[in-house]
Amino acid sequence: MTTPSKSFIIRPEHPSDTGPIEALAAEAFGPGRFAKTAYRLREGAEAIEPLCLVAELDGELIGSIRLSAIMIGDSPALLLGPLVVRPAEKGRGYGIALMQTALDRARELGHRLVILVGDLPYYSRVGFGHVPFGRVKLPGPVDPRRLLYLELAEGAFDGVSGEARAASLAPLAEPGPREGGEQQEKPENSAHDRKRMNAV
Ligand SMILES: CC(C)(COP(=O)(O)OP(=O)(O)OC[C@H]1O[C@@H](n2cnc3c(N)ncnc32)[C@H](O)[C@@H]1OP(=O)(O)O)[C@@H](O)C(=O)NCCC(=O)NCCS
């Protein structure tokens with residue numbers, strides 16, 4: 001996968017990563033993370049295993065990204081987050097690398113639309129834009145300037161509106177065969193574990 005430097009790798013999350021990821025999230029977000037609207041939306045949602053990735057630097061976990069299945073009105077979508085990079089490693093491109101890898105994979109898997117709550121100046125680097133005011137409702141207060149979307153397929157956001165809520169499974173287009181037959185390591189988390197791990 002992506003290798004900005006020799007000792008940097010991005011790989012699928014494993015069950016044994018749960019503790020280090022929780023520690024990372026606590027360090028980066030603090031206890032306030034549990035009160036966030038995005039957390040509330042993620043709480044009931046199932047994180048999608050192939051879209052839960054971690055970054056390692058010299059064998060140490062320094063970053064994590066997860067995407068979860070949601071519905072917006074009648075339309076399937078993904079919620080991106082949490083994305084977190086260890087504070088000491090910030091500004092070296094690891095956050096963008098994690099995000100770009102996960103988004104490329106999501107596109108390959110047939111997902112079409114992603115939303116998140118975050119800062120436009122950062123997320124616009126990978127193509128996110130503002131959700132027009134009032135078009136998507138979240139289960140709690142959110143600064144409308146921080147509600148962002150990205151189309152993974154052209155026109156995927158056309159006609160999409162309504163309440164965003166957790167979905168246990170995002171309906172997918174049939175994925176085509178992967179070029180070069182790359183094998184992904186398959187994390188063994190149960191849905192229960194996965195929901196628990198969303199609590200970061
Ligand atoms: C946000 C975060 C994931 C970025 O990770 P990172 O590895 O430092 O990001 P990158 O190195 O890929 O990109 C760094 C660039 O983005 C910019 N950037 C980082 N966060 C930003 C923000 N919130 N708003 C605007 N720009 C931002 C940096 O200034 C830097 O700019 P430069 O390239 O011009 O120097 C990381 O800082 C983090 O974990 N923060 C705490 C948790 C968080 O806020 N997560 C996002 C919400 S889910």
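**Entry 1: ligand contacts**

I looked up D119 first: an N or O atom in the D119 side chain is 2.6 Å from a nitrogen atom of the ligand. I call this a polar contact, meaning a pair of N or O atoms within 3.5 Å. The model is predicted, so to speak with care, I noted that local features need pLDDT of at least 70, side-chain atom pairs count only at pLDDT 80 or more, and totals for chains, interfaces and linings use all residues. Residues are numbered from 1 along each chain as its sequence is written, and side-chain values use heavy atoms, with hydrogens and water left out.

A polar backbone atom of V85 lies 2.8 Å from an oxygen atom of the ligand. For I96, a polar backbone atom is 2.9 Å from a ligand oxygen atom.

I then looked up the cover. On its own the ligand has 910 Å² of accessible area, and the protein covers 66% of that. Accessible areas come from the Shrake-Rupley method with a 1.4 Å probe.

**Entry 2: the pocket and its shell**

Which pocket does the ligand take up? I found that its space is the largest pocket. A pocket is an open set of points on a 1 Å grid over the protein atoms alone, where a 1.4 Å probe fits, with protein on both sides within 12 Å along at least five of seven lines. A molecule sits in a pocket if more than half of its atoms lie within 2 Å of the grid points.

Helices α1 (18-29), α3 (94-108) and α4 (120-123) and strand β4 (75-85) each give two or more residues to the shell. Helices are DSSP runs of H or I with at least four residues, and strands are runs of E with at least two.

I counted 17 residues around the ligand, and V85, G91, G93, G95 and D119 are the closest. Near means a heavy atom within 4 Å. By class, the shell has 10 nonpolar, 3 polar and 4 charged residues. Gly counts as polar here, and Asp as charged.

**Entry 3: strand pairing**

I turned to β8 (residues 147-151). It runs antiparallel to β5 (residues 113-117), with 5 bridges between them. Strands pair if DSSP finds at least two bridges. V117 stands opposite L147. β6 (residues 129-130) also pairs with β8, antiparallel, over 2 bridges. There, Y149 is the bridge partner of G129.

Last, I looked at β9 (residues 162-166). β3 (residues 60-72) pairs with β9 in the antiparallel sense over 3 bridges, and I72 stands opposite A164. β7 (residues 136-137) pairs with β9 in the parallel sense, over 2 bridges. V136 stands opposite G162.

Key:
A polar contact is a pair of N or O atoms within 3.5 Å; within protein, one must be able to donate a hydrogen and the other to accept it, and residues adjacent in sequence count only if both atoms are side-chain atoms. On a 1 Å grid over the protein atoms alone, a cavity is a set of points where a 1.4 Å probe fits but cannot get out, and a pocket is an open set with protein on both sides within 12 Å along at least five of seven lines; lining residues have an atom within 4 Å of a point.
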